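Open the model in your viewer and keep the sequence panel beside it. The stops below each say what to select and what is there.

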Amino acid sequence: KLVRALTGIFTGDDHDHNGRIQRGVVVAVKTHFPSHTPEQIMDKPQLERISRAILLVRNPLEAIPSYHNFVYEQENGLLNHSTRAPVHAWIRWRNEFFDVEIQRWVNHIMWWIKRFPPQKQGALFLLPFEDLVADQTGVDTLRSMANHLASGGKDIASHMTPTERFPCIWEMFVKGNVPGEKARRHSHRSGGPSEYPYTQDQLNYTLESLQKLQQELGAGFPQLSSLLNRYMQDVEARKSALVALVAGQ
């Protein structure tokens, strides 16, 4: 919805639910590949022609619980984006799947950056989730994203929404705030905590995974390296908070 609001052109998804990819009338294709999408999904000839991408990246300590909320909704017959899982359900799932999910997060970023390396100027736009949803940086981040979309060709650039409408688009499609209605968070889920707990071992593994990713890809992609530094700082802060919590018990 956000990309369509910016460009005025339809989008699709990797399953081609609306049939528009087959007809070649989309400006972008949403995908979770390779994290939670079967490889054969990406075998469509139309998808092989994709030469540019927007890589949405979120702190793994927030992204993984968000994915678990989706799993919890599916397992309990709840509407998508309606419910945050209770802590006991999170801990049970986390202890079984955490290592796998961290590796999926790392592999996801590596796959897209290796497909669209920095040498391919302008092919990949790195979109930090935190910057997109933050009040201080949201509209500017949206503007940068729009510039990337517009650089895809004259057909796209000619359809772009006027920049003066970006603040309104950001409020509606990122924050979910509709004029005349009560303002709310970017997430519509209710219940559960706003931050889910981790063990020290899990935080240590996250830090090691982020460091290895930075060592492998960060040198050629300064923006990614800076973003990973932010995530590592958050991990360190959570480690310190957990030590303080244990010491106080």
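Start by selecting Gln 214, which touches Ala 219, Ser 225, Leu 228, Asn 229 and Met 232, leaving out residues up to four places away in sequence. Contact here means heavy atoms within 4.5 Å. Gln 214 is found in helix α10, and with a relative accessible area of 19% it is buried. Buried means under 20% relative accessible area, exposed means over 50%, and partly exposed is in between, with a 1.4 Å probe and protein chains only.

Before going on, note that this is a predicted model, in which local features need pLDDT of at least 70 and side-chain atom pairs count only at pLDDT 80 or more, while totals for chains, interfaces and linings use all residues. Residues are numbered from 1 along each chain as its sequence is written, and side-chain values use heavy atoms, with hydrogens and water left out.

**Helix α10**

Select residues 200–217, the 18 residues of helix α10. Helices (H or I, at least four residues) and strands (E, at least two) are DSSP runs, numbered from the N terminus. How far apart should the ends of α10 be, at 1.5 Å a residue? The helix should span 26 Å, and its end C-alpha atoms are 26 Å apart, which agrees. The expected span is 1.5 Å times one less than the number of residues.

Now colour the buried residues of α10: Gln 202, Leu 203, Thr 206, Leu 207, Ser 209, Leu 210, Leu 213, Gln 214 and Leu 217. They cover an arc of only 165° around the axis, so they lie on the same side of α10. The arc is that of the directions from the helix axis to the C-beta atoms. Turn to the face of α10 away from its buried side, and you find the exposed residues Asp 201, Lys 212 and Gln 215.

What covers the buried residues of α10? The cover includes α4 (60–75), α5 (87–115) and α11 (222–248).

**Two residues from the cover**

Select Met 110 in helix α5. At 15% relative accessibility, Met 110 counts as buried. Apart from its neighbours within four places in sequence, Met 110 is in contact with Leu 213, Glu 216 and Leu 217.

Next select Leu 61 in helix α4. Is Leu 61 buried or exposed? Its relative accessible area is 1%, so Leu 61 is buried. Not counting residues up to four places away in sequence, Leu 61 touches Tyr 198, Leu 203, Thr 206, Asp 234, Val 235 and Arg 238. Leu 61 and Pro 197 are 136 residues apart in sequence, yet their C-alpha atoms are 9.2 Å apart in space.

**The second largest pocket**

Select Glu 195, Tyr 196, Pro 197, Tyr 198, Leu 203, Arg 238, Ala 241, Leu 242 and Leu 245, which line the second largest pocket. About 160 Å³ of space lies in this pocket. Helix α11 gives the largest share of the lining, 4 residues. On a 1 Å grid over the protein atoms alone, a pocket is an open set of points where a 1.4 Å probe fits, with protein on both sides within 12 Å along at least five of seven lines; lining residues have an atom within 4 Å of a point. Grid points are joined across faces, edges and corners, and the volume is the space filled by probe spheres set on the points.

**Helix α9**

Select helix α9 (residues 166–173), where Phe 166, Ile 169 and Trp 170 are buried. They cover an arc of only 100° around the axis, which puts them on the same side of α9. These buried residues pack against α1 (2–7), α6 (129–133) and α7 (138–150).

**Two backbone stops**

Most residues other than glycine have a negative phi, and most peptide bonds are trans. Select Phe 33 and Pro 34: the peptide bond from Phe 33 to Pro 34 is cis, with omega near 0°. Pro 34 lies in the loop between β2 (29–30) and α3 (45–48).

Finish at His 81, in the loop between α4 and α5. Phi of His 81 is near 60°, a positive value in a residue other than glycine. His 81 is exposed, with a relative accessible area of 55%.
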